[in-house]
Structure formats: C-alpha cells, structure tokens
Amino acid sequence: MITVEHLTKRYGEFTAVNDLSFEIEEGHVYGFLGPNGAGKSTTMNIMTGCLSATEGRVSVDGYNIFEEPDKAKRLLGYLPEQPPLYMNETPLEYLKFVGEAKGLRRQELTRQIETVILQARLEGVENRLISKLSKGYRQRVGIAQALLGNPKIIILDEPTVGLDPIQIIEIRDLIKQLGQEHTVILSSHILSEVQAICEKVLIIAKGKLVAFDKPENLEKLFMASQGVSFVAEAKKDEIDEILKEMDAVSGWQMKALENGSTRVDVQIEPGNVSDICRNIFFAFAGRKKALLELTSKKANLEDVFIELTESNEPEAERGESNVTEAEMKESYTPEAAVKKGDSEEREVEKE
Ligand code: ADP
Ligand code: MG
C-alpha cells in the first residue's frame, strides 16, 4: 500500500529522518512510536506529499508521491499535528471548503460531508463555530476532513495530544472503527496508546527505524530486558559462587544491606523467568541460605522502547537526550483516569 525506501530528510546539517525504509500493508492500523523529535511528523509530512525529501522514495499504491502527487494524494487522508482549522467557520463550512479542494462537487460533496459527519460523530455541532468547540470536537473536525474523498489510507499525527481522558477514549474508539475500513497510520509518543490501538508498531528514534513488529512480538523480542531481583542472607562471594554456576544468567550487580544480607539484580537471557526464579530459590535453599525476597521483572513494550532508543544512541550522547526515562515510561491510561473521575484537561504532550 505504501512503500518507503531509504527516506532521508536533512535540515542543513541536521538529519531529522535517516535512511528510513518500511512497507505499510493494506487493512491494518499502524503506529509510529517514538519520543518527541524522533522524526515522526517529518516522515508523515513526506509520506503525504506535504514536504520534500532529501533522499529516498515513497510510493502510495504504486504512485510515486513526488512524481505523481495528485494520484498518490487522492489515496491519502491526513490529519497533521497542527491541523489548519479556521476558527471562525463552522465544521460544515470547513468541510465544504476542504471537500471542494479535494475535487468533490455538488451531490457527491454533500453526500460525503454527511457521511464524514456521522463517521467522526460531529452530529449536532456541525453549525457551531469551530472556535466554540472543545479540543476533542476540533480533533474530530480534523479527522472528518481527512476522511473526505473516502481515501484508502488515513494518516493521523498524534491524534490524541492535548485531549482529556474521555476525549482520548472516544478518539481511540473512532480510530479503531476507521481501521475496519481503512489502512490507518497514527503517531504517538505514548506507548500504552499504540499498544491499545495498533496492530503493528514502528519504533522510530533519532530519525531511524529501530523496530517494526506487532506489540506482542516486540515484547517477546526483548525478553532480555527481563530480570530477577532478590535479597539473600549471604555474602557477596557466596552469591557469586552460586550465580556463576547458573544457566541463563548473564550478569548481576550486588549491594550489601545493613542487616548483613545482600540485594542482587540479575540479568537473564531470553527464556522462562519462572525457571530462573525456581533455580535461584533451590540453589540458595540447597546451601541453607535464606532468600528474603525474590521478584521477577516482565518486559513490556515500554522496556523495549527504552532498550531500543538507548541502544541506538552512541554511549557519549546518552543523558543528553531531551526525553527523560520517566517521559518514555509514560504509562498514563485515560481509562484509569476516567475511573478515578479525573476528567480535567490533561496535558499529555510534555513539551
Ligand atoms: P516528532 O514528530 O517525532 O516529534 P519531528 O519530525 O517533528 O519529530 O522532528 C524531528 C526533528 O527534526 C526534531 O529534532 C526537530 O527539531 C527537527 N525539525 C523538524 N522540522 C524542522 C525544520 N523545519 N527545520 C529544522 N529542524 C526541524
Ligand atoms: Mg510530531
């Protein structure tokens, strides 16, 4: 459906998108996941013909976006990060304007506007000024204009940024619904979001594609970021001796605790964490050393993200990243917030 080959975008000396290649197949919901500044918007702007590339090629259903932009763009509906909404128009006027620009006329235009108003659930507000609408409704107007012309592919850049928890749930539901009839690509810097909506995830970091898989496979891929921690009533050299003998243990750090016991963080090879916990338990019990705590850490997509973005950064640059670990570990779910009754406007965007 969309083929991106060796796409590169430079702004002067700065490379925002770096040799990106991937293929989007028909009928799935794809997520571009990456921290702020990763190059998601730049990539989407190029894929939709809104921005030129420095190098590389994008084809949409066989049409080269640079050589046959009109044919390629007809297949695409795009909601940019900052949609150009006209505040002193109504959704109806705005949709008419966009529809005409897309080449729709008369009955076809009227029919399509009616359809997208229903699809984006704008019934009842279509004659109110856009400036009077909530951010959630404005986002729906943006989605509605992307749907005009019934394009096969819908591309949405950070569609839930700045929305409150209830609006986020509604927009996510809407996107899932669109995914039944369209190929959808959305971007997000929130891991739980792509996990909730997307069937395939492209992780982009510093302009590079660092992973492309189903959310569940990414977790499997990075079982290595799993680990085991324990506190043992044993001295460091005794612990070294036990762990050295153990299969599937790739490394460990120890910290002596005040009560004479030792806290140990163990890195393990991909495999069954329960087996490793069991082996640790019996190895210490066999030597009559008590384990006071034993816990395992399961890898999730958030760990994968951190792992991938870090392993793609040169050692010296780490820590300079403008994204903190806490930010990347964003695990905020609007569902939870709604349950807590927190429906106030919440800035999800961190910048
Ligand atoms: P994302 O959408 O993933 O947050 P962007 O694609 O917006 O990332 O930006 C990628 C990088 O390119 C950022 O470091 C950004 O500052 C830089 N960038 C984006 N647009 C421009 C521009 N017009 N001129 C210079 N740098 C830019
Ligand atoms: Mg962006």
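The legends below describe close-up views of a predicted model.

**View 1. The shell around ligand 1.**
Eleven names make up this view: Y11, F14, A16, P35, N36, G37, A38, G39, K40, S41 and T42 surround ligand 1. By type, the shell divides into five nonpolar residues, five polar residues and one charged residue. Helix α1 gives the most to this shell, with three residues.

**View 2. Backbone contacts to ligand 1.**
Oxygen atoms of the ligand meet the protein backbone here. A polar backbone atom of G37 lies 2.7 Å from an oxygen atom of ligand 1. For G39, a polar backbone atom is 2.9 Å from a ligand oxygen. At K40, a backbone N or O atom sits 2.8 Å from an oxygen atom of ligand 1. Taken alone, the ligand exposes 560 Å², and the protein buries 61% of that area.

**View 3. The magnesium ion, ligand 2.**
Which residues coordinate the magnesium ion? They are S41, through OG, and E81, through OE, at 2.0 to 2.7 Å. S41 belongs to helix α1, and E81 to the loop between β6 (76-79) and α3 (91-101), so the pair ties together parts that are 40 residues apart in sequence. S41 also belongs to the shell around ligand 1. Is S41 buried or exposed? S41 counts as buried, because its relative accessibility is 18% and the cut-off for buried is under 20%. E81 is partly exposed, with a relative accessible area of 36%.

**View 4. The open antiparallel sheet.**
Four strands form this open sheet, in the order β2-β1-β4-β5. Their pairing is antiparallel. The edge strands are β2 and β5 (63-64), and each pairs on one side only. Inside the sheet, β1 (residues 2-11) pairs with β4 (residues 55-60) over five bridges, in the antiparallel sense.

**View 5. Strand β3 and its buried side chains.**
Why is β3 described as largely enclosed? Five of the five residues of this strand (residues 29-33) are buried, so the rest of the structure largely encloses it. In a regular strand, side chains alternate between the two faces of the sheet. In β3, V29, G31 and L33 point one way. Y30 and F32 point the other way. All of these residues are buried.

**View 6. The parallel partners of β3.**
Strand β3 pairs with β8 (residues 183-188) in the parallel sense, over five bridges. Here L33 stands opposite S188 in β8. β3 also pairs with β9 (residues 200-205), again in the parallel sense, over four bridges. In β9, K200 is the bridge partner of Y30.

**View 7. R111 on helix α4.**
R111 has its place in helix α4 (residues 106-119). What joins the side chains of R111 and E108? A polar contact of 3.2 Å joins them. R111 counts as partly exposed, because its relative accessibility is 46%.

How values were computed. Residues are numbered from 1 along each chain as its sequence is written. Chains are lettered from A and ligands numbered from 1 in the order in which they are written. This is a predicted model: local features need pLDDT of at least 70, side-chain atom pairs count only at pLDDT 80 or more; totals for chains, interfaces and linings use all residues. Side-chain values use heavy atoms; hydrogens and water are left out. A residue is near a molecule or strand if one of its heavy atoms lies within 4 Å of it. A polar contact is a pair of N or O atoms within 3.5 Å; within protein, one must be able to donate a hydrogen and the other to accept it, and residues adjacent in sequence count only if both atoms are side-chain atoms. Accessible areas come from the Shrake-Rupley method with a 1.4 Å probe; for residues, only the protein chains shown count as cover. Helices (H or I, at least four residues) and strands (E, at least two) are DSSP runs, numbered from the N terminus. Ala, Val, Leu, Ile, Met, Phe, Trp, Tyr, Cys and Pro count as nonpolar, Asp, Glu, Lys and Arg as charged, and the others, Gly among them, as polar. Donors are N, O and S atoms within 2.8 Å of the metal (3.2 Å for Na, K and Ca); water is not among the atoms, so sites may look incomplete. Buried means under 20% relative accessible area, exposed over 50%, partly exposed in between (1.4 Å probe, protein chains only). Two strands pair if DSSP finds at least two bridges between them.
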